[in-house]
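Please look through the sequence and the model shown here before reading the comments.

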Amino acid sequence: MEKKTRKIVYLSMLADLFHYGNLHLLKKSKELGDYLICGIETDELVKSYEKKTIHSFNERRAVISNIKGVNKTIPQDSLDPSENLKKIHKKFPNSEIILIHANKRDKLPEKNFLESINGKIVKIGRASCRERG
């Protein structure tokens, strides 16, 4: 069990064709905390919303695992990250958990769990043309 209090940031992503927007999201997420965990959407999850990936889960996970600032990757097998958030909270019980919300979902079932542990949701938008240089 983790004893040190720190900010744990959780971000779920598909990360199929890695691009500047993914890098921007990872960079901004890391700036919010001490430890960045990325949930990589599993092949089964992606198939559930009828998308086909170019790269397999293992390939996508390998790319994100090797990005500077990413401390850990875990499988994300549901659009609702609540189960992963519960596992993170169990491993880091004295830490503040910050969930990055970067998609277009309106309903956030994970919000109730985060509120119960004093965590928070932070919305990060896409990188603008100005930010792209």
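1. **Basis of the note.** The model is predicted: local features need pLDDT of at least 70 and side-chain atom pairs count only at pLDDT 80 or more, whereas totals for chains, interfaces and linings use all residues. Residues are numbered from 1 along each chain as its sequence is written, and side-chain values use heavy atoms, with hydrogens and water left out.

2. **Overall fold.** The protein contains 5 helices and 5 strands. Helices (H or I, at least four residues) and strands (E, at least two) are DSSP runs, numbered from the N terminus. Along the sequence, these elements follow the pattern β-α-β-α-α-β-α-β-α-β.

3. The protein has 133 residues, of which 41% count as buried. Buried stands for under 20% relative accessible area, exposed for over 50%, and partly exposed for what lies in between (1.4 Å probe, protein chains only). Of the contacts with a separation of 6 or more, 70% come from residues 24 or more positions apart; a contact requires heavy atoms within 4.5 Å.

4. **Surface.** Accessible areas come from the Shrake-Rupley method with a 1.4 Å probe; for residues, only the protein chains shown count as cover. F18, Y20, L23 and V63 make a nonpolar surface patch of about 310 Å². Patches consist of residues with over 30% relative accessible area and no salt bridge, with like charges joined within 9 Å and nonpolar side chains (Val, Leu, Ile, Met, Phe, Trp, Tyr) within 5 Å. L23 counts as partly exposed because its relative accessibility is 38%.

5. **Helix α1.** L23, a member of that patch, lies in helix α1, which covers residues 20-31. The 12 residues of α1 reach 17 Å from the first C-alpha to the last, close to the 16 Å expected at 1.5 Å a residue. The expected span is 1.5 Å times one less than the number of residues in the helix. G21, N22, H24, L25, L26 and S29 are the buried residues of α1. Their cover includes β1 (7-13), β2 (35-41), α3 (57-65) and β4 (96-101).

6. **N84.** Which helix holds N84? N84 is found in helix α4, residues 82-91, and counts as buried because its relative accessibility is 6%. A polar atom of the N84 side chain lies 3.0 Å from the backbone oxygen of P75. Leaving aside neighbours within four places in sequence, N84 is in contact with Y10, I74, P75 and Q76.

7. **Positive phi values.** A15 is not a glycine, yet its phi is positive, near 60°. A15 belongs to the loop between β1 and α1 and is buried, with a relative accessible area of 7%. N118, also not a glycine, has a positive phi of about 65°. The loop between α5 (110-116) and β5 (120-123) holds N118, and N118 is exposed, at a relative accessible area of 66%.

8. The structure holds 4 salt bridges. A salt bridge is defined as a side-chain nitrogen of Lys or Arg within 4 Å of a carboxyl oxygen of Asp or Glu. One of them joins E31 and K28, whose closest N and O atoms are 3.9 Å apart. E31 and K28 are separated by about one helical turn because they are 3 residues apart in helix α1. K28 counts as partly exposed, at 31% relative accessibility.

9. R60 and D43 form a salt bridge through their side chains, with an N to O distance of 2.8 Å. The pair links distant parts of the chain: R60 lies in helix α3 and D43 in helix α2 (residues 43-48), 17 residues apart. R60 counts as buried, at 1% relative accessibility, whereas D43 is partly exposed, with a relative accessible area of 22%.

10. E96 and K120 form a salt bridge, the closest N and O atoms being 3.8 Å apart. E96 lies in strand β4 and K120 in strand β5, so the pair ties together parts that are 24 residues apart in sequence. E96 is partly exposed, with a relative accessible area of 24%, and K120 counts as partly exposed at 38% relative accessibility.

Key:
Polar contact = N/O pair within 3.5 Å; in protein donor to acceptor, adjacent residues only side chain to side chain.
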